[in-house]
Structure formats: C-alpha cells, structure tokens
Amino acid sequence: MKSILLREIKSFFGSPVGYLVIAIFLLLNGLFVWVFEGDYNILNSGFADMSPFFTIAPWILIFLIPAVTMRSFSDEKKQGTLELLLTKPLSLWQIVSGKFFGAMLLIVIAIVPTFIYVYVISNLGMPAGNIDMGSTMGSYFGLLFLIAAYSAIGIFTSTLSENQVVAFILAVFGCFVFYFAFEAASTLSPDFENIIAAVGMDSHFKSMSRGVIDTRDVLYFVSIAVGFLALTVYKLKSLKGNG
C-alpha cells in the first residue's frame, strides 16, 4: 500500500495537479470567507467563529475531490496500465487503499493552511482569543471524515469509466446526493424527516461541528468510506476476471 500511496503523491506533485488543487481550494475559500460580500464573509458576520468556512468548504470539496480522484483508475484503464497494476504483488485492498489515502493526503495538505484562519479570527474576537475552539476542532474533525467519504466515492466512480470527465461527473453527482439530496428530501416528508436526513452526510457533519464527537457520526462516515472502497475492490475483481 505504501508504494501505491507514494506513487500517487509523486504523481500529484510531479505535475501541476497537486499544486493547482491546493491553490484553488485556498483561493476559493479565501475569496468567499474574506473578500466577497455575502453570507460566507467572516468579517461581515459579526461573530468570531469559523462557521462560514465550514459551510462553504464541503461544497467546494464536492467539485475539488472528484477532480483529484477522477484519474485514479480511469487513467490506468485508458493508458492500459491497469492490468499491470493488478499483477503487482499487492492485494486489491492495498491498491485501493493506497490510492484512497493518496487522494486524502493531498486534500488534507490543502486544508492545513486554513488553520491560520483560526489564529486570525481568534485575534479579531472581543476580547482576543474569544473563539469556540471545541466547535472549531469538531468541525475540522468532521471535515476530515467528509473528505474520506468524498474520496471513497470518487475512487469508486473512477473505476466505472476510462473517461476522466465521466468519472468526475459521476463523483460530483454521488457526493452531492449523499451530502445534500437526502437533507433536501427530508423536508418533503415531515413524518420521516429525521430518518431520511440521517442517511445524508450533512446532518452528521453538522453534528460534529457542534464540538461533540458522537460515535454514530464517526461510524456513519467510516461506513460510507469503507462501503465505497469495498465496491471499488469488487469492481476491480470483475475487471481482473474479465481481463
């Protein structure tokens, strides 16, 4: 698994992809959180907290993570190197995990510089240091699990087509459905609102953002990630069998 992970990281930073992903994430968040007028502008909110960032970040990641994962297996299929990859002395789980953690690591690297937001907002508080660190750290923790779930969905969809654009669109659609669609659908059925909302990522991410880490939320995100990685392994088995 380590060899695949290192290969992925070298691939990301051996081309403009890795640098572009980090730059785009930081630029978009920076513009929405600090520059553009609107609901996501921290300076206009009147509160010294990171809520605007944690509201906009999942939406940016819905597009950014599929852009990272779309090449994971689709490019291997297009270049004809998938068969060679599958013959390596590694289990399918090790191959999939290596690509999964490689994609995750790149996004985490993009997230790390945003810790400076916490420092700046803390100093802007009245008095200085007046920021809810429990909620902030809980939100970062939730964002990490959200990244894992998005990455797993993206890795799976990359096995469905050798066309990276198709893999990207499928991943965006999958992430959107799990993050927002269930939450939206829950409002249509008041009797089952909580049950339907609980199927989506949004309610679990918001729960973590309150600063209280519930094992149910952790298990939810882990189940989504492991489930889609298992589907990826199953898909690769079928491709290996057909090959």
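Biologist: What is the mean pLDDT of the protein?
Modeller: The mean is 88. This is a predicted model, and 95% of its residues reach 70 or more.

Biologist: Where is confidence lowest, and where is it highest?
Modeller: Helix H3 (residues 42-45) is lowest, at a mean of 74. Helix H7 (residues 92-111) is highest, at 94.

Biologist: Why is Phe53 called buried?
Modeller: Its relative accessibility is 0%. Buried means under 20%, so Phe53 counts as buried.

Biologist: What makes Phe54 buried?
Modeller: Phe54 has a relative accessible area of 5%. The cut-off is under 20%, so Phe54 is buried too.

Biologist: Why is the pair of Phe53 and Phe54 called edge-to-face?
Modeller: Their ring centres lie 5.0 Å apart, and a pair needs centres within 6.5 Å. Their planes stand at 70°. Over 60 counts as edge-to-face, so that is the name for this pair. The structure holds 21 aromatic pairs.

Biologist: Which residues touch the most other members of the largest nonpolar core?
Modeller: Phe53, Leu143, Tyr150, Met201 and Phe221, out of 66 residues. Helix H9 (residues 133-157) gives the most to this core, with twelve residues.

Biologist: What is Leu143 in contact with, leaving aside neighbours within four places in sequence?
Modeller: Its contacts are Phe53, Phe54, Ala57, Pro58, Leu61, Ile111 and Phe205.

Biologist: What sits over the ring of Phe73?
Modeller: The charged end of Lys99 does, 5.2 Å from the ring centre. The distance limit is 6 Å.

Conventions
Residues numbered from 1 in each chain as written. Predicted model: local features only at pLDDT ≥ 70, side-chain atom pairs only at ≥ 80, totals over all residues. Heavy atoms only, no water. Core = buried A, V, L, I, M, F, W, Y, C linked by side-chain atoms within 4.5 Å. Buried < 20%, exposed > 50% of the residue type's maximum accessible area, 1.4 Å probe, protein only. Helix = DSSP H or I, 4+ residues; strand = E, 2+ residues; numbered from the N terminus. Contact = heavy atoms within 4.5 Å. pLDDT = per-residue confidence, 0-100. Phe/Tyr/Trp six-rings, centres within 6.5 Å; stacked < 30°, edge-to-face > 60°. Lys NZ or Arg CZ within 6 Å of the ring centre and 35° of its normal.
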